[in-house]
Amino acid sequence: MDEQKTLSTTASARSLWGRTLTRSLLGGFLLFTGTSHLTLARAEFQAQVPPWIPLDPDVVVLASGVVELGLGAALLVAPRALRPVVGWVTAAFFVAIFPGNLSQYLTRTDAFGLTTDTARFVRLFFQPVLVALALWSTGAWAAWRGGRTS
């Protein structure tokens, strides 16, 4: 019985460590991309704004960069009780920006080294992974299912 409890505790600790690492990497990634929106890669991000968005592409890029900075910081420093909310908001953001990725594929826009239809198509499959990682690493999915929020 003690052996089972030890194994369960070890597995739980590994899961917590994995979620913390994933959340930290995701937060760092968003801080990097948010900064890139505002500085180095601004023009490339503008090329991804769908033509049907009725706003200046620069405004969209700047606004999304600020949101990414906020989400990245929240993923890194939010208290445990708020992490599920941060996870849902981050996941929603990844869903909201998906049309930009889809537009890049449909309009055959080259940006970020994605210079072939195949590369742009494969990239589309990474967005659901980001959504899943945001929900898992913050405990949002577990909280929604009635589990722990840590």
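Biologist: What is the relative accessibility of Asp110, and what does Asp110 count as?

Modeller: At 46% relative accessibility, Asp110 counts as partly exposed. This is a predicted model, in which local features need pLDDT of at least 70, side-chain atom pairs count only at pLDDT 80 or more, and totals for chains, interfaces and linings use all residues. Residues are numbered from 1 along each chain as its sequence is written, and side-chain values use heavy atoms, with hydrogens and water left out.

Biologist: With which residue does the side chain of Asp110 meet in a salt bridge?

Modeller: A salt bridge is a side-chain nitrogen of Lys or Arg within 4 Å of a carboxyl oxygen of Asp or Glu. The partner of Asp110 is Arg120, with 2.6 Å from N to O. This pair links distant parts of the chain, 10 residues apart, for Arg120 sits in helix 6 and Asp110 in the loop between helix 5 and helix 6. Helices here are DSSP runs of H or I with at least four residues, numbered from the N terminus. In contrast to partly exposed Asp110, Arg120 counts as buried, at 5% relative accessibility.

Biologist: Which residue forms a salt bridge with Arg120 at 2.8 Å between the closest N and O atoms?

Modeller: That residue is Asp117, whose carboxyl group reaches Arg120 at the distance you quote. Because Arg120 and Asp117 are 3 residues apart in helix 6, about one helical turn separates them. Asp117 counts as partly exposed, since its relative accessibility is 26%. Salt bridges that share partners join Arg108, Asp110, Asp117 and Arg120 into one network.

Biologist: How many salt bridges does the structure hold, and which residue does Asp58 meet in one of them?

Modeller: The structure holds 4 salt bridges. In one of them the side chain of Asp58 meets that of Arg42, at 2.7 Å from N to O. Asp58 lies in helix 3 and Arg42 in helix 2 (residues 42–46), so the pair ties together parts that are 16 residues apart in sequence. Arg42 has a relative accessible area of 28% and is therefore partly exposed.

Biologist: Is Gly139 buried or exposed, and how far apart in sequence and in space are Gly139 and Leu16?

Modeller: At 0% relative accessibility, Gly139 counts as buried. Gly139 is found in the loop between helix 7 and helix 8, the latter covering residues 140–144. The separation from Leu16 is 123 residues in sequence, whereas in space the two residues are 9.5 Å apart, C-alpha to C-alpha.

Technical notes
Helix = DSSP H or I, 4+ residues; strand = E, 2+ residues; numbered from the N terminus. Buried < 20%, exposed > 50% of the residue type's maximum accessible area, 1.4 Å probe, protein only.
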